[in-house]
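Please look through the structure shown below.

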Protein chains: 2
Amino acid sequence: MNILDGKKLSQKIADDLRVEIIDLEIKPKLIIVQIGQNQASEIYLKHKVAFAEKIGVLCKVLKVDQKIKQEGIEQIIKELNKDKNVHGIIIQLPVPDKFNSRKLINCIDPKKDVDGLTDTNLGKILSNEGGILPATPQGIRFLLEEYKIPVEGKNIVVIGRSVLAGKSIALALLNQGATVTICHSKTLDLKKHLETADIIVSAVGKNGIVNDSNIGENQIIIDVGIDMTGDKLVGDVDVANREKILFLSPVPGGVGPMTVASLFHNLYLTYANNVDNH
Amino acid sequence: MNILDGKKLSQKIADDLRVEIIDLEIKPKLIIVQIGQNQASEIYLKHKVAFAEKIGVLCKVLKVDQKIKQEGIEQIIKELNKDKNVHGIIIQLPVPDKFNSRKLINCIDPKKDVDGLTDTNLGKILSNEGGILPATPQGIRFLLEEYKIPVEGKNIVVIGRSVLAGKSIALALLNQGATVTICHSKTLDLKKHLETADIIVSAVGKNGIVNDSNIGENQIIIDVGIDMTGDKLVGDVDVANREKILFLSPVPGGVGPMTVASLFHNLYLTYANNVDNH
C-alpha cells in the first residue's frame, strides 16, 4: 500500500505560497468569524492560524459572543465585505444552533468566500464555471494530481452527501470526467457499490464504514471522515489487510492538512482577483 | 409496460393552476427574452405561450435582435428585475454563440428566475435549501410522485451531466434519498451501471443510448433526451422489447410537457413570494 501524503504536500503548497507572498507589498488578509466556543473548532482554528503564520499572510480570528443576534453577525460580515483590506472571510463552522448558518454564509461576498460555500460559489461547481472550489474537494484534487492519479473515466464512489464534503467532492470529480456514484445513509447495499469502484472517497465521520468486508482489490481510498476511537483521531476507513489497497489517503495526515492548504490557496486566488479589481 | 403519462399529468397541473389563478386580481406575468431566431426554440416557445394562455397568466415573448451587445441584454434584464409587475424572467436557450449565456442568466434576480438556472438557485439544489428547482428535475419529481414511485434508497443512474438536465436531476433525486450514479460521455462501461439500476434517467439527446442490450429487467426508465430520426422526434431510449420495462416516461409525451408545466408551477411560486414581499 502507498500513502497519499497530505502532510507532505500541504508543506509543499505552503512553501510555494510563502515564496509568492513574500514579495507582496499588501499581504492577503483572512478574517475568521468565530461565534461562541466549540472544542473541535479550536483545533481547526489553530491549524489555520499556524498555516497563515507559516506563509506570511494576515489571519485574524474575530471572536463574537454567542449572545449576539443573527442580524448582528450579518452586519459584521457586510462590513468585512466592504473593507478592501480584507480578502477572505470565513465563518467557523459549526455555529451555535440558534443561528441560520446558510443565511450567514450567504452574506459573504462570493469574491471573498474562501470556503467556497455561498450559494453563488456552490452554483458554480454545478455549472462548472470556475468560482471558488470548497477546500475539501480542492485538497482532494491536489492530492490526486500530485500522485498522478487520473480521474477521467474512473468509477468513483463518494460516501456522504453533505454540502461541505460529499456533494462538492462528487461534483468536482464529475467535472473532471469521473463516473460518480453518491452513497449515503439511505443506500441499501454499500458493498455492491464499493467493491467495483476504482476510487472510494469516504466523507461520513463513522469509523469502519469502509472496511475489509466491503472494499475490492487495488483501489484508491481517500478517507475524509473524522471520528474518535477513545482519545484517538480516526477516519472512516478501518481496513486490517492494507495490502489490498493501492493508495490510501489516511486520517490523520491526508485530506485534513490538504484542506487547510487549499483554504489558503483559495485566499491567494481571492486576493489576486480583488487586488486586480481595484 | 406502463407509461408515465406526462401529457396527462401536465394537463392536470394546468387545471389546478388555472383554478388558483382565476381568482387573482393581479395575474402572474412571465417575460421570455428571445435573442435572434432558432428553429428548435420556436417550438418550445409555442408550447410555453399555449400553456400560459390555458392557465390564464400573462406571457410575453420579448424578441431582441441578435445584433444587440451583451451589455444591452443585461440592461434589459436589470430593468425587468426592477419591474414589480413582472414575476418571472426566462432567457430562451440556446442564445447565439457570441453571448455569454451564463452571465446573462446570472443577471436575472434569483427571485424571478423561474428556470432555476442562476448560480444562486443552482447552489440551493446543492445545499438542499429550497430555491427554485429547474423545470426538468421538477417535472420528473412530479411524475414519480404521481405514479407513487418511491425514490429513497433506490439506485438511480442518470446519463448526462448538463447543468439544465443531468446534474440538476441527479442532485434533486439525491436530495430525496436516492443513491445516484452520474454517467456521461467519459463513462467506460455504461451497461454495467444501467443493468443493475432501479431507475434510469437518460438526458443525452442521442437515440439508442439506452437500448435492449444495456438495460436490465423491470426498471423504471425516464427518457429526457431529444433527438430526431428523419422527421420524427425521438428520445434516448430505443428498446424493442418494451415488456422488459416496468414504467417508461416516453418521448414525446413524458418529461417534455412536464417541463413546461413545471415552469409555470415555478412562476406561480415566484409570484406568490414576490407578491408577499410587497
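In what order do the three strands of the open sheet in chain B stand? The order is E3-E2-E4, and the pairing is parallel. Strands (E, at least two residues) and helices (H or I, at least four) are DSSP runs numbered from the N terminus, and two strands pair if DSSP finds at least two bridges between them. This is a predicted model, in which local features need pLDDT of at least 70 and side-chain atom pairs count only at pLDDT 80 or more, while totals for chains, interfaces and linings use all residues. Residues are numbered from 1 along each chain as its sequence is written, and chains are lettered from A and ligands numbered from 1 in the order in which they are written.

Strand E3 (58-64) and strand E4 (88-91) of chain B are the edges of this sheet; each has a single partner strand, so one side of each is left without a neighbour in the sheet. On average, neighbouring strands are turned by 20 degrees against each other, direction ignored. Strand E2 (residues 29-35) of chain B runs parallel to E3(B) and is joined to E3(B) by seven bridges. Within E3(B), Lys63(B) is the bridge partner of Gln34(B). Across E2, E3 and E4 of chain B lies helix H3 (residues 70-82) of chain B, running at about 180 degrees to E2(B). Such angles run from 0 to 180 degrees between N-to-C directions, with axes as lines fitted to C-alpha atoms, for helices over the stretch in contact.

The next topic is the contact between the chains. Chain A gives 24 residues to the contact and chain B gives 24 residues; two residues are in contact if their C-beta atoms, placed from the backbone, lie within 7 Å. On the chain B side, helix H5 (119-127), helix H7 (163-175) and strand E6 (179-183) each supply at least two residues. The largest share of that side, seven residues, comes from H5(B). Strand E6 (residues 179-183) of chain A pairs with E6(B) in the antiparallel sense over three bridges, and Val180(A) stands opposite Ile182(B) in E6(B).

Is Asp212(B) buried or exposed? Asp212(B) is exposed, because 12 other C-beta atoms lie within 10 Å; the cut-offs are 12 or fewer for exposed, 20 or more for buried, and partly exposed in between, with C-beta atoms placed from the backbone. Leaving aside neighbours within four places in sequence, Asp212(B) is in contact with Val239(B), Ala240(B) and Asn241(B).
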